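Have the sequence and the 3D view open side by side, and let's walk through this model together.

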Amino acid sequence: MDVFGFAVSAGGDFLRAAAVDAAHELAIFDTLARGPATLDELADVARIAPRGNTRRTHRLRALLDVLVAMGAIARSPDGPAFTTAPTPPPPRPVVARAGWGLMAEVIRSDRPLHPEGGELERRHHLHLARAGAAAARELAPFFGTTSLVDLGGGAGTYTAAFLDAAPPSATAILVDFGDVLAIARHQLADFGGRVSYRDGDARAVDAGTGHGAALLANVLHLHSPAICAGLCAAAARAVASSSGPGGVVVVKDLRVDEDRSGPLEGLLFALNMAIYTGEGDVYPTSQLRAWLAAAGLAHIDEHRLAAAPDAVVLVARRGEPASG
Ligand SMILES: C[S@@+](CC[C@H](N)C(=O)[O-])C[C@H]1O[C@@H](n2cnc3c(N)ncnc32)[C@H](O)[C@@H]1O
C-alpha cells in the first residue's frame with residue numbers, strides 16, 4: 001500500500017536544506033554556472049534515467065520548482081530554461097542521509113522511499129486527523145446533504161466533522177484500505193451505525209450511487225494523473241442519480257499556481273510526494289477541474305479555507321458550466 005504524505009509544515013526547514021543539498025549533489029548549481037539549461041539538460045547532467053521516459057523528470061522538476069521559489073536558482077524570462085539566481089548559490093548544508101536526506105538518490109534512481117508501516121503509519125494517521133480537524137469542520141457545511149461517501153477517508157476526520165454538523169439521521173460511508181479502516185473504526189466508534197466502511201481501492205469499491213456528496217480530501221496528491229482521473233470518476237458515480245442532477249463531489253487538496261511559481265508550501269509538498277510516492281504530485285487547480293469535468297461534473301465552484309490557506313476546495317456537480 002502506498003504512503004500518505006507528511007507534516008511538511010513541521011519539517012519545512014529540513015526539507016529546504018535537503019533540497020539545497022540535493023541540488024549540489026545533482027550538479028544543478030555547477031551546470032547553471034556555465035549557462036542556462038533546460039529540465040532535460042539538467043536531468044542529463046544529473047544522470048537521471050534515459051530520455052524517452054515521459055515521467056523521468058517529474059521528481060527533478062519538483063526539486064527545481066522549490067529551488068526557484070526559494071530564490072536559489074531562477075527561470076529564464078524568455079524560455080523554458082533555468083538560470084542562476086542573482087545571488088550566489090546557497091552553501092551545501094550538512095544533511096543526515098535518511099528520509100529527505102536521500103533526495104538526490106531518489107531523483108537519480110527514480111525509486112521513491114517507502115516509509116515504514118505499522119505503528120509509524122498509525123501515528124501518522126492520527127497526526128493527520130488532529131492537524132486536519134479545523135479544516136474538516138470548516139468544510140462540513142459545503143456538503144449540504146445527509147449522505148456522504150468519504151473516499152480515501154483515512155482516520156475519518158472529515159467524516160466525523162460531517163456527522164457532527166449534520167442532523168442525527170445523516171450517514172457516511174468511509175472507503176480506504178483495511179489497515180487504515182481499523183484506525184477509522186476506532187476513531188469513529190462513537191458514531192456507531194451511522195458510519196459504514198468499505199475496504200479497497202476507491203476506484204473499484206462499490207459504494208453505491210445516489211449519495212448527496214462524495215469527498216476526496218488530501219487523496220489526489222498521492223497519485224498519478226491517470227489514477228486521479230479514475231478517483232474523480234468514482235466520486236462522480238457515487239453521487240449520480242437517475243432521477244435528477246445528483247449530488248456534489250468535493251475535492252480538497254494542496255494547491256500550486258498554474259505556472260508552479262508558488263506557493264512554497266504547495267511546492268514543498270509536491271517535492272515530498274516526489275520523494276515518497278511513485279507518481280504523486282500537487283496539481284494545479286486547472287488539472288483538478290479537468291478531471292472533474294471529464295467525470296461529467298461541469299459546474300465547479302472554487303473555495304478557500306481559513307483553516308487551511310495552502311489548500312483549494314472544489315465543489316462540483318452536474319449541470320451548466322459555472323460562469324466566471
Ligand atoms: C493523506 S490521507 C487523507 C485522509 C483523509 N481524507 C484526511 O484528509 O484526513 C490519504 C488516504 O487516502 C487513502 N487512499 C489513497 N488512495 C486510495 C484509493 N485508491 N482507494 C482508497 N483509499 C485510498 C490512503 O490509504 C489514505 O488513508
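This is a predicted model: local features need pLDDT of at least 70, side-chain atom pairs count only at pLDDT 80 or more; totals for chains, interfaces and linings use all residues.

Residues are numbered from 1 along each chain as its sequence is written, and side-chain values use heavy atoms, with hydrogens and water left out.

Let's begin at the ligand. There are 20 residues around the ligand, and D176, A202, A217, N218 and H223 come nearest; a residue is near if one of its heavy atoms lies within 4 Å. The side chain of D201 has an N or O atom 3.0 Å from a ligand nitrogen, and a backbone N or O atom of A202 is 2.8 Å from a ligand nitrogen. On the oxygen side, a ligand oxygen atom lies 2.7 Å from an N or O atom in the side chain of N218. Of the 600 Å² of accessible area that the ligand has on its own, the protein covers 96% (Shrake-Rupley method, 1.4 Å probe).

N218 counts as partly exposed because its relative accessibility is 24%; buried means under 20%, exposed over 50% and partly exposed in between, with a 1.4 Å probe and protein chains only.

Now step into helix α9 (residues 225–239), where you will find C228. Helices here are DSSP runs of H or I with at least four residues, strands are runs of E with at least two, and both are numbered from the N terminus. C228 has a relative accessible area of 0%, so it is buried. Beyond its neighbours within four places in sequence, C228 is in contact (heavy atoms within 4.5 Å) with L220, H223, Y283 and W291. H223 is also among the residues that come nearest to the ligand.

Next comes helix α4 (residues 58–70). 11 of its 13 residues are buried, so α4 is largely enclosed by the rest of the structure. Among the buried ones are R59, R61 and D65. After α4 comes G71, with a positive phi near 80°.

P263 belongs to the loop between β7 (248–254) and α10 (264–276).

Terms used:
A polar contact is a pair of N or O atoms within 3.5 Å; within protein, one must be able to donate a hydrogen and the other to accept it, and residues adjacent in sequence count only if both atoms are side-chain atoms.
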